[in-house]
Amino acid sequence: MRLQHKSRCARRLRTPLAMCLGLAVSLTVALAQEQPTLGAQSSGLSVDKPAHFQIWRTITLGTHKGVDAYRDALDSARIKLGLSADEILGRPAFPYAKMKTDVKLAVLSAAELGVESDESSLSDVYERARRVGLELCPAEVGLQLRLEYRNQPLGEALDIAMEPVATYSGDPTILTLANWGTGLILIGRDGRSESTVNRISRFVFALPSRERLEAKSSPQMAPTFSEQNGPAVR
């Protein structure tokens with residue numbers, strides 16, 4: 001009888017306990033979404049010397065030969081292409097790899113690079129990244145990553161840290177991968193050095209191919225949701 005009583009008590013406790021655990025998880029997720037990742041001082045990053053980063057993803061450039069092949073691949077995958085993004089893909093300043101080349105990528109927010117104010121400039125973010133050993137991505141990274149990154153979380157936008165490419169009207173433009181609920185999309189973003197960057201904005205950087213930066217691979221690592229809204233399609 002005593003064992004049966006204990007069993008009944010345990011069953012009664014399961015539901016409230018599960019509800020409490022579920023509430024705790026929900027609160028943790030909500031707080032993580034509302035509060036941006038801590039900056040360089042809090043996370044241990046020093047913007048004055050190279051740091052160690054995990055490899056978020058490794059992609060291979062040169063898989064598709066040139067702009068037409070990429071446009072066909074994006075169309076076949078039903079990935080939308082913004083006007084300015086489509087425009088810069090065919091510009092002479094947008095290079096394509098002539099042979100297959102592996103590029104290791106890392107994802108960091110402006111806050112993780114030490115930006116403490118709500119907003120900064122694109123040139124400031126790039127400079128902070130350079131000082132901790134990160135590099136700008138080849139422009140082709142945006143295309144290949146868009147084709148491979150099919151499980152992008154709803155609401156996320158990732159800016160490709162790259163040298164801007166001018167549109168026909170002369171607007172410096174970089175690429176952004178986004179998922180806003182209407183399908184995966186590749187769009188253009190203002191690539192001027194003085195353009196405004198929110199501290200929670202997240203960028204894809206390249207890890208150096210040379211061995212001056214040691215990286216630990218973590219293929220299961222997935223990006224966390226951090227941005228509710230992305231820039232307007234250009």
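**Terms and their grounds**

Modeller: Strand β3, residues 80-81, and β9 pair in the parallel sense over two bridges. Please bear in mind that this is a predicted model.

Colleague: What makes β3 and β9 a pair?

Modeller: Two strands pair if at least two bridges are found between them. β3 and β9 have two bridges, and therefore they count as paired. Within this pairing, L81 stands opposite L186 in β9.

Colleague: How do you know that β8 and β9 pair, and in which sense do they run?

Modeller: Seven bridges join β8 to β9, and the two strands run antiparallel. The requirement is at least two bridges, so this pairing qualifies. I174 stands opposite R189 in β9. The hairpin of β8 and β9 has four residues between the strands, and G181 takes a positive phi near 95 degrees there.

Colleague: Why is R78 called exposed?

Modeller: The relative accessibility of R78 is 77%. Exposed means over 50%, so R78 falls in that class. R78 is found in the loop between α3 and β3, and has a positive phi of about 60 degrees although it is not a glycine.

Colleague: Why are F203 and F205 called buried, and what makes their pair tilted?

Modeller: Buried means under 20% relative accessible area. F203 is at 0%, so it counts as buried; F205 is also at 0%, and therefore counts as buried. Their rings lie 6.1 Å apart, centre to centre, with 35 degrees between the planes. Stacked requires planes under 30 degrees apart and edge-to-face over 60, so this pair is tilted.

Colleague: Why is the pair of W56 and Y149 called edge-to-face?

Modeller: The ring centres are 5.3 Å apart and the planes stand at 85 degrees. W56 and Y149 are both buried.

Colleague: How do you know that the buried residues of α5 line one face of the helix?

Modeller: In α5, residues 122-131, the buried residues are L122, V125, Y126, R128 and A129. Seen down the axis of α5, they fall within an arc of 160 degrees, so they line one face. What covers them includes β5, β6 and β9.

Note on methods: Residues are numbered from 1 along each chain as its sequence is written. This is a predicted model: local features need pLDDT of at least 70, side-chain atom pairs count only at pLDDT 80 or more; totals for chains, interfaces and linings use all residues. Side-chain values use heavy atoms; hydrogens and water are left out. Buried means under 20% relative accessible area, exposed over 50%, partly exposed in between (1.4 Å probe, protein chains only). The arc is that of the directions from the helix axis to the C-beta atoms. Contact means heavy atoms within 4.5 Å. Rings of Phe, Tyr and Trp (its six-membered ring) pair if their centres lie within 6.5 Å; planes under 30 degrees apart count as stacked, over 60 as edge-to-face and the rest as tilted.
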